[in-house]
Amino acid sequence: MPELKNVRTEVYSTFLNSYHVRVIALVAAITIFDGYDNFIPSYVIHFTQKAWNLSLGQAGFLVSSGLIGFMIGALFNGSIADRFGRKSTLIGALIIAGLFSTATGLWAHSFETFVGFRILTGIGLGVLLPLSTAYMNELMPARVSNVAVIVATGGYTIGGTVAGLAGALLTPSHGWEILLLIGAFALPIALLCFYMLPESPLFLVGAGRHAEAARVMERLAPDREWRETRFVLDEETSRKGSVRVLLNPSNRSNTLLFWAVEVLILFDAYGLIGWIPTVMITRGETFASGFSFGALLQIMSLFGALGCGFFADRSGSRKMALATWWMIGVGSLIGLALTNTHMLNTIFVALCGFSILGPLLVLNNLIAQSVDTEVRGTAVGMALGVGRIGGIIGPVVGGWVQQATGNTEVMFLVMAVTCFLSIGAVLLIRHRKPTAAIKAVARQAEAALPS
């Protein structure tokens with residue numbers, strides 16, 4: 001008679017091994033491409049504004065057109081992934097983004113064609129980060145889940161840094177098109193993922209594909225016996241990818257809080273990313289120094305993500321980790337509003353990257369862990385999609401505030417208020433209650449740990 005095992009608790013009680021590391025590396029490659037391609041338009045504006053006779057509004061739309069596609073992809077990817085699988089949806093999104101990024105470099109010779117291609121590219125890009133987060137949460141041991149997810153999805157920040165280096169080093173001799181053509185590297189990454197990434201065992205069990213789930217578990221936990229195993233999943237599996245599930249009475253308050261937190265914190269994140277270089281120049285920094293503050297923001301966000309993830313793993317509370325980091329962010333934004341020296345600007349901008357941008361990956365992880373498998377991709381995708389509204393309006397409101405007040409200080413104070421509201425919203429999120437089976441396996445795993 002087959003042995004009955006809870007697939008979730010079996011995955012969460014595994015120990016990190018070389019197969020986990022391979023998955024982390026491949027997902028990191030996906031998110032590096034995602035971050036790289038998302039930041040490319042910032043380095044295209046300089047070359048196309050005069051050549052295409054663009055107004056400042058049109059030049060800005062070269063960037064935000066990709067965010068429109070990103071929002072579409074993020075909103076709808078979860079429903080597709082929850083129905084048809086994480087692996088196939090990730091690979092499909094990579095191919096879409098890679099093909100349209102390459103097409104932009106080859107054939108976007110006008111404002112209209114560039115915008116059209118970027119919207120289509122953004123649809124693919126919008127899938128990658130939220131789905132990578134949901135996917136990693138269904139494969140990693142519970143002991144290292146936060147750090148593992150952050151290492152994998154932190155490739156987004158590395159990709160943004162690579163985009164800046166490529167813009168500075170390659171465009172003078174090869175033109176802006178080379179930045180888009182590099183996007184073709186998404187295609188060999190997709191091929192590697194096809195052959196080397198597993199499907200989520202939680203998804204496979206939910207789809208009734210137990211033999212395939214057992215083969216994946218043989219790689220995740222080779223020290224256990226899986227041949228005669230029949231898996232169970234301690235949740236409903238008949239409502240895959242349903243937004244209605246996210247808005248039913250038991251999930252509605254959490255779902256609305258997820259959306260609110262994403263809108264508020266992405267308002268700050270994209271406001272900082274969009275305005276820090278220009279604002280620093282306005283505050284008296286040199287041109288080179290002003291643009292270096294943008295790179296500093298990105299680099300420090302990776303350290304902030306790792307630190308927040310480590311704190312969350314050790315404290316056992318993602319909510320407290322997020323609240324602690326964002327409180328540092330509130331203080332840093334107030335510091336930028338009240339002071340203006342090169343040293344203090346450097347310190348506070350670094351802290352903003354560390355404490356405001358960094359925890360975004362932990363926030364995605366919190367969302368993924370707070371819902372059932374059948375709607376996990378949908379929940380993360382919807383939250384990032386709705387949150388992108390904050391990302392779109394953040395830079396716009398920042399510009400309005402500067403124009404209305406004639407200074408930059410009030411803008412930072414507005415961001416401090418929204419960051420503080422994010423803390424209140426995240427602390428109201430309810431914990432997902434573990435089942436008795438999960439508690440039992442967790443106790444067994446804890447007892448098996450060396451003293």
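This is a short tour of a predicted model, stop by stop, for you to follow in your viewer.

**Before you start.** Residues are numbered from 1 along each chain as its sequence is written, and side-chain values use heavy atoms, with hydrogens and water left out. Local features need pLDDT of at least 70 and side-chain atom pairs count only at pLDDT 80 or more, while totals for chains, interfaces and linings use all residues.

**Colour by confidence.** pLDDT is the predictor's confidence in each residue, from 0 to 100. The protein's mean is 85, and 91% of its residues reach 70 or more. Now select residues 434-442: pLDDT stays under 50 here, and the model has ten contacts (heavy atoms within 4.5 Å) for them beyond four places in sequence. Residues 444-451 are also below 50, with four contacts beyond near neighbours in sequence. Where pLDDT is low, the predicted coordinates should not be read in detail.

**Select α6 and α7.** Helices are DSSP runs (H or I, at least four residues), numbered from the N terminus. Show α6, residues 111-137, with α7, residues 145-153: their axes come within 10 Å and cross at roughly 150°. Axes are lines fitted to C-alpha atoms, for helices over the stretch in contact, with angles from 0 to 180 degrees between N-to-C directions. The pair is therefore roughly antiparallel (over 145 degrees).

Next, show the side chains at this contact. From α6 come Leu 129, Ser 132, Thr 133, Met 136 and Asn 137; from α7 come Ala 148, Val 149, Ala 152 and Thr 153.

**Zoom in on Thr 133.** Leaving out residues up to four places away in sequence, Thr 133 touches Val 149, Thr 153, Asn 364, Asn 365, Ala 368 and Val 380.

**Jump to Asn 53.** You will find Asn 53 in the loop between α3 (45-48) and α4 (56-84). Its phi is near 55°, a positive value in a residue other than glycine. Most residues other than glycine have a negative phi. With 67% relative accessibility, Asn 53 counts as exposed.

**Finish at Pro 395.** This residue is in helix α19, residues 376-405, and counts as partly exposed at 24% relative accessibility. Beyond residues up to four places away in sequence, Pro 395 touches Tyr 270, Gly 271 and Trp 275.

Note on methods. Helix = DSSP H or I, 4+ residues; strand = E, 2+ residues; numbered from the N terminus. Parallel < 35°, antiparallel > 145°, perpendicular 65-115°, else oblique. Buried < 20%, exposed > 50% of the residue type's maximum accessible area, 1.4 Å probe, protein only.
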